[in-house]
Amino acid sequence: MRSFDGTKIKVKTEGFTVKSTMKNYVVEGPPAAGAFKERPARPTSFRKFYERGDFPIALEHDGKGNRIAWKVEIEKLDYHHYLPLFFDGLCETSHPYEFFARQGVHDMLEHGGSKILPVIPQLVIPIKNALNTRNRQVISTTLKVLQHLVVSGEMVGEALVPYYRQILPILNLFKNMNKNSGDGIDYSQQKRENIGDLIHETLEVFERYGGENAFLNIKYMVPTYESCLLK
């Protein structure tokens with residue numbers, strides 16, 4: 001190498017090697033996509049109605065714990081009005097909203113019978129909103145509700161099939177989320193709070209009660225799902 005006046009200059013260099021390049025550059029991995037990151041839930045209509053005292057419910061204590069005391073017969077409730085509101089409350093995680101919404105849904109599904117099927121289209125958005133929070137507690141609660149919903153009345157499982165595209169994407173995302181406790185005891189399995197196991201149970205219930213088109217529609221949204229009826 002020569003200077004401006006033409007004299008030779010000795011320059012010590014390592015050349016264009018990977019080693020020399022890495023001294024000047026640090027390669028960082030891509031940022032986390034945040035697919036599993038919890039998303040804050042919007043204020044629910046359930047909370048607003050509860051705080052206004054619009055629900056015919058009260059908290060009752062007995063030897064088995066807390067339960068809802070209904071001020072009217074559940075069978076006489078307007079399911080088109082109340083059931084979507086209680087489903088909307090599945091996004092709640094704080095007391096007493098979470099308790100009343102979860103228990104209220106199960107009580108209404110237990111006594112609803114033929115009143116449930118016509119309300120299915122109104123339940124899809126609240127179910128989707130609850131699952132999209134990515135909150136593990138909310139997902140666990142919603143999966144148990146879905147299992148109860150499917151068996152709550154005739155044709156309910158089949159009525160849900162057209163809505164798999166709204167319901168199943170989050171299930172496909174979290175289906176492999178199982179806790180590895182090593183030599184310890186996984187207490188979440190005893191409480192049925194293991195997300196991966198609950199998703200598998202829910203998909204099997206969907207297939208069993210969803211009719212002849214259920215499996216193909218589940219397989220389309222959850223490609224790794226294997227039929228529980230064709231084994």
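1. Let's start with Gln-147, which has its place in helix α6. Keep in mind as you look around that this is a predicted model. Is Gln-147 buried or exposed? Its relative accessible area is 14%, and because buried means under 20%, Gln-147 counts as buried.

2. Now follow the side chain of Gln-147. Which residue does it meet in a polar contact? The partner is Thr-202, and the contact between the two side chains is 3.1 Å.

3. Thr-202 itself is found in helix α10, which covers residues 195-209. This residue has 0% relative accessibility, so Thr-202 counts as buried too. Leaving aside residues up to four places away in sequence, Thr-202 touches Leu-143, Leu-146, Gln-147 and Leu-171.

4. Next, have a look at helix α3, residues 79-88. How many of its ten residues are buried? Eight are, and the helix is mostly covered. The buried residues are Tyr-79, Tyr-82, Leu-83, Pro-84, Leu-85, Phe-86, Phe-87 and Asp-88.

5. What covers these buried residues of α3? The cover includes the helices α2 (45-51), α4 (97-112), α5 (120-132) and α6 (136-150), together with the strands β1 (57-62) and β2 (65-70).

How values were computed:
Residues are numbered from 1 along each chain as its sequence is written. This is a predicted model: local features need pLDDT of at least 70, side-chain atom pairs count only at pLDDT 80 or more; totals for chains, interfaces and linings use all residues. Side-chain values use heavy atoms; hydrogens and water are left out. Buried means under 20% relative accessible area, exposed over 50%, partly exposed in between (1.4 Å probe, protein chains only). Helices (H or I, at least four residues) and strands (E, at least two) are DSSP runs, numbered from the N terminus. Contact means heavy atoms within 4.5 Å. A polar contact is a pair of N or O atoms within 3.5 Å; within protein, one must be able to donate a hydrogen and the other to accept it, and residues adjacent in sequence count only if both atoms are side-chain atoms.
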